[in-house]
Amino acid sequence: MTGTGPCPRFAFSISATDGAARTGAIAMARGTIRTPAFMPVGTAATVKAVKPADVRAAGADIILGNTYHLMLRPGAERIARLGGLHRFMGWDRPILTDSGGYQVMSLADLTTRSEDGVTFKSHLDGSRHTLSPERSIEIQRLLDSDIVMAFDELVPTTSAPGVQADAMARSMRWAKRSRAAFNAGGEHAARAAIFGIQQGALDERLRRESADALVDIGFDGYAIGGLAVGEGQDAMFACLDFAPAQLPADRPRYLMGVGKPDDIVGAVERGVDMFDCVLPTRSGRTGQAFTRAGPINIRNAKFAEDQGPLDPECRCPVCATWTRAYLHHLVRSAEILGAMLMTEHNLWFYQTLMSDLRTAIADQRLASFAQTFRNCYAGA
């Protein structure tokens, strides 16, 4: 672990284990992150449709910001001039920023990759930009991110083995450059942390090579990248049966872009500590609510006169105040309040799930909790 004193730069502690699962905390200057943790996604300096105070009230200790989107609009240099991302958006707790690599590969037009980095056309206005390990780290420093992600190259899990191996090897070279750029960050490096990203698709040997290379470089935490990109839950879990254990046990393990509630439960059982996903917010804006009995589409006509809450077991302000009938009306009428309330409920659902997982691990009853959750969520 790194960091000392009452406000350490970064310190990870494990308070209890249950099988491969762990519960603990990450201590940073801007606050403590309870693990397993779910990070709501604040892509463009906002968790969509929810005020920061309400994100915190739901139980979130940390949120995620996006390097690619913020570099394009409003611009990292502008955010720095305005006092950094925390002040800009009104969130005073930790922020993790992703490197922008995934969005460059998935959103940008006419992407050109080289050993130096990636040159691309903005999906907003067609302007050309280059994102390299050094520029990615610089942007994250300008944003004043608390947890910085190394720049990596993502390829589909369906890519040819040689393509996967080449991308993993390049990602490790970029990880070394990312670490060097972070170390040169002066005051920011003295208060922030940096995570490396394991790649290698679904291949155990490539994942091992990647993990060994990252550990040799040395990072504060380690992410598992390249999953939840269409390979299916069974394939993802098969990879997670070995990938987390290849990473240091005394550092946080972050599964990027995951995911569905049952994905999270299964990944926690396999030793993952941190998660992020747009699902609770995106689903809320499109009328889907997560409940212990599985997701529901509030647009469905059967809810038009339903006077019950979204989820009878939920303790969120939405379920305590409004009925399914009212939410059905708001969403069907395209009222902004509908998107706000549905999103708020979903964030509470995810954070309650994480709290329940932490408690189950501490009480040594994760297996029974996970099976009960799966049975209820699947409607069994």
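Which residues in H7 are buried? In this predicted model, the buried set in H7 consists of Gln164, Ala167, Met168, Arg170, Ser171, Met172, Trp174, Ala175, Ser178, Arg179 and Phe182. An α-helix has 3.6 residues a turn, so residues three or four places apart point the same way.

Helix H7 covers residues 161–183. With 23 residues at 1.5 Å a residue, H7 should span 33 Å, and the distance of 33 Å between its end C-alpha atoms agrees with this.

H7 packs with helix H9, residues 204–217, at an angle of about 10 degrees, and the two axes are 10 Å apart. Angles under 35 degrees count as roughly parallel, and H7 and H9 therefore run roughly parallel to each other. On the H7 side, the contact is made by Gln164, Ala165, Met168, Met172, Ala175, Lys176 and Arg179. Their counterparts in H9 are Leu206, Glu209, Ser210, Ala213, Leu214 and Ile217. Sorted by class, this contact of H7 with H9 holds eight nonpolar, two polar and three charged residues. Among the H7 residues that meet H9 are Gln164, Met168, Met172, Ala175 and Arg179, and these five also belong to the buried set.

The strands come next. Three of them form an open sheet in the order E1-E2-E3, with antiparallel pairing. Strand E1 (11–18) and strand E3 (31–35) are at the edges and have a single partner strand each, so one side of each lacks a neighbour in the sheet. From one strand to the next, the twist averages 15 degrees. Seven bridges join E1 to strand E2 (residues 21–28) in the antiparallel sense. Asp18 stands opposite Ala21 in E2.

Methods:
Residues are numbered from 1 along each chain as its sequence is written. This is a predicted model: local features need pLDDT of at least 70, side-chain atom pairs count only at pLDDT 80 or more; totals for chains, interfaces and linings use all residues. Side-chain values use heavy atoms; hydrogens and water are left out. Axes are lines fitted to C-alpha atoms, for helices over the stretch in contact, and angles run from 0 to 180 degrees between N-to-C directions. Helices (H or I, at least four residues) and strands (E, at least two) are DSSP runs, numbered from the N terminus. Angles under 35 degrees count as roughly parallel, over 145 as roughly antiparallel, 65 to 115 as roughly perpendicular and the rest as oblique. Contact means heavy atoms within 4.5 Å. Ala, Val, Leu, Ile, Met, Phe, Trp, Tyr, Cys and Pro count as nonpolar, Asp, Glu, Lys and Arg as charged, and the others, Gly among them, as polar. Two strands pair if DSSP finds at least two bridges between them. The expected span of a helix is 1.5 Å times one less than its number of residues. Buried means under 20% relative accessible area, exposed over 50%, partly exposed in between (1.4 Å probe, protein chains only).
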